Amino acid sequence: MKIEPALKTGVTNDQSLQKGNGGNGGMRRDLSGRQLAVKGLSGLGKLLLLVYSVITLYPLYWLFISAFKTNQDFFNRPYGLPLVWMKENIVRAWELGHMGRAMVNSTIVTLAAVVLTILLSVLAAYVLARFPFRFKKAVVGIFLAGMLIPIHSTLVPLFIIMNKIHLLDTYGALILPYTAFELPIAIFLAMAYMASIPREIEEAAMIDGNGWWGIFGKIVLPLCTPIIATISILAFLRFWNDFSFALVFINTQALKTLPLSLSLFSDGFGTDYSLTMGAMAIAVLPTIVVYLILQEQIMKGMVAGSIKG
Amino acid sequence: MPTALRSKGFIAVALLPALLLFLMFVIVPVFWSAYYGFFSWKGFGAASFIGLDNYREMFQDGIFWRALRNNLILVASSIIGQIPIALLLALLLLKNTLFSRFVRSAVFMPMVLSTVVVGLIWGYIYQTQFGLANTVLRMIGLESWTRAWLSDPQVNMLAISIPINWSNVGPYLVIFIAALQNISPEVDDAAKIDGAVGWRKLLYVTLPMIWGTVVVTLVLCISGSLKAFDHVIVMTGGGPARSTELLATYMYNSTFDVYRYGYGSAVSTMIILISALLIGINYILTRQKSG
């Protein structure tokens, strides 16, 4: 886009040289034209960015205004603001749509899996980052290979395995595989972080008479707080939003997580739009709030996680 | 001081829980599905060995091929859609102003939404009577373009690919911004002296400088598109008439609805093989180009 005005000025420069005197005015006009073009271009760029942001944000805005409408209002003026702001939709979704129960389930499963992920991954990362031992390369290789396995390809065999060990339809059916699939990313993030911590601190603690567990608990874990925060955010978003594992491994209504309960709205409450919208608003709100507070960390963490994955 | 023996004990106790959990829920299932893929099994009673029959059936099933084609459509659409959009936005967002930070946050936001919510919202957008897509088309006088986006087999895969692209541009944008900011100012100056500006600079200076990053995003696009499952399950369930099946939904629908765990295992194994193949092909292609 920018190249055209540049070429044009080049051409007129040559012409102005040939024409001598008369060319001057033309050259000046071209220069200002070029500046104008650059300005216009950056204006165009800004406009483009603005339009794209609106495209990204509009569906969410629409979800939230629709969540406060009556069914009638939703049908008659799908894109206007609510005539009356109906808080009842949220209450109805919470109770009638089992969203309250689903929120409790999602919280339990997510919290348990996040804590387990952090414990296991930081411990494993500590061992892999600091200790030489015989099968180290093989262990790292296994975790790396696991990251390449498409997650959905494990649904059927996991279902069979969990059925055998009677894990289906329990919180464990979600907590354990969530943690397992999050481990490689968490371990590699933690390992990379530990590489930047000088060993001298740990050696000093060792001289003070601490065992490995003491060093880990008193020195390594506190020093790793920033990376633990990153791992927690990534894990929280992944677990909170997971749909496929919940869909396959959970059947009992009382154990359903938010995404799974929501998915039933696509047919169960098909025509009760205000109820569906209210339920979606409930499900989305926690992640939006977390995102608004921690967006820089979330962006960096997700990108680091996806590149390593 | 910890002795060698004690540190061996520590290594075992600290590493084994993570390793065992990972092996059991991520690695073992791969071999398990490879094994059960040779059986016919209803989920109860004895499984009977049928050799390669599951794979034979899969290759003769037109829906399997359609699912594979749909997956490739998603891969293509995310390579054509996400990477150029993210690159263009990144080029426009290089300056670290408040406005560009706002745009970046907005573009990234769908990444934190539940895929179920994304699927449901876009289901409404594509709704035939009052959906946003048809409403806008009617508003700008393109009445004839309105259609049942999710049920018309001509367009429904395209319609499904849009929300997937919509929600995934964010990470690519952040990756590209970081890569572009890493190009040293000297390169910019050199390019200016050599007269490389605009498209020419993008093509001959900027793109080669960030080629490594582009390769990374290509790999992410491929593996990301193979992960698409939630959107389809929520928006169409693979229908109508199984026209929007992906490999993963094909596996799901031909396992849990009809209790065919042997067949489902074979499809699972196939998904792993195909994804390994795609990543391998991509690796070879991009290595040659950059070399």
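Student: At what angle do helix 5 (residues 99-130) of chain A and helix 8 (residues 172-195) of chain A pack, and how far apart are their axes?

Tutor: In this predicted model, helix 5 of chain A and helix 8 of chain A pack at an angle of about 40 degrees, and their axes lie 7 Å apart.

Student: Why are helix 5 of chain A and helix 8 of chain A called oblique to each other?

Tutor: Angles under 35 degrees count as roughly parallel and those of 65 to 115 as roughly perpendicular, whereas the angle here is about 40 degrees; helix 5 of chain A and helix 8 of chain A are therefore oblique to each other. Their crossing is right-handed, and the contact between them has 21 nonpolar, 3 polar and 1 charged residues.

Student: What makes up the side of chain A that touches chain B, by residue class and by element?

Tutor: In the pairing of the two chains, 71 residues of chain A are in contact with 71 residues of chain B. On the side of chain A that touches chain B, the largest share, 12 residues, comes from helix 14 (residues 273-308) of chain A, and by class that side divides into 53 nonpolar, 17 polar and 1 charged residues.

Student: How do you know where in chain B confidence is lowest and where it is highest?

Tutor: The mean pLDDT is lowest in helix 8 (residues 185-193) of chain B, at 78, and highest in helix 2 (residues 53-60) of chain B, at 93. Chain B averages a pLDDT of 87, with 96% of the residues scoring at least 70, and the model scores ipTM 0.88 and pTM 0.85.

Methods
Residues are numbered from 1 along each chain as its sequence is written. Chains are lettered from A and ligands numbered from 1 in the order in which they are written. This is a predicted model: local features need pLDDT of at least 70, side-chain atom pairs count only at pLDDT 80 or more; totals for chains, interfaces and linings use all residues. Two residues are in contact if their C-beta atoms, placed from the backbone, lie within 7 Å. Helices (H or I, at least four residues) and strands (E, at least two) are DSSP runs, numbered from the N terminus. Ala, Val, Leu, Ile, Met, Phe, Trp, Tyr, Cys and Pro count as nonpolar, Asp, Glu, Lys and Arg as charged, and the others, Gly among them, as polar. pLDDT is the predictor's confidence in each residue, from 0 to 100. Axes are lines fitted to C-alpha atoms, for helices over the stretch in contact, and angles run from 0 to 180 degrees between N-to-C directions. Angles under 35 degrees count as roughly parallel, over 145 as roughly antiparallel, 65 to 115 as roughly perpendicular and the rest as oblique. A crossing is left-handed if the near helix is turned anticlockwise from the far one by less than a right angle, and right-handed if clockwise.
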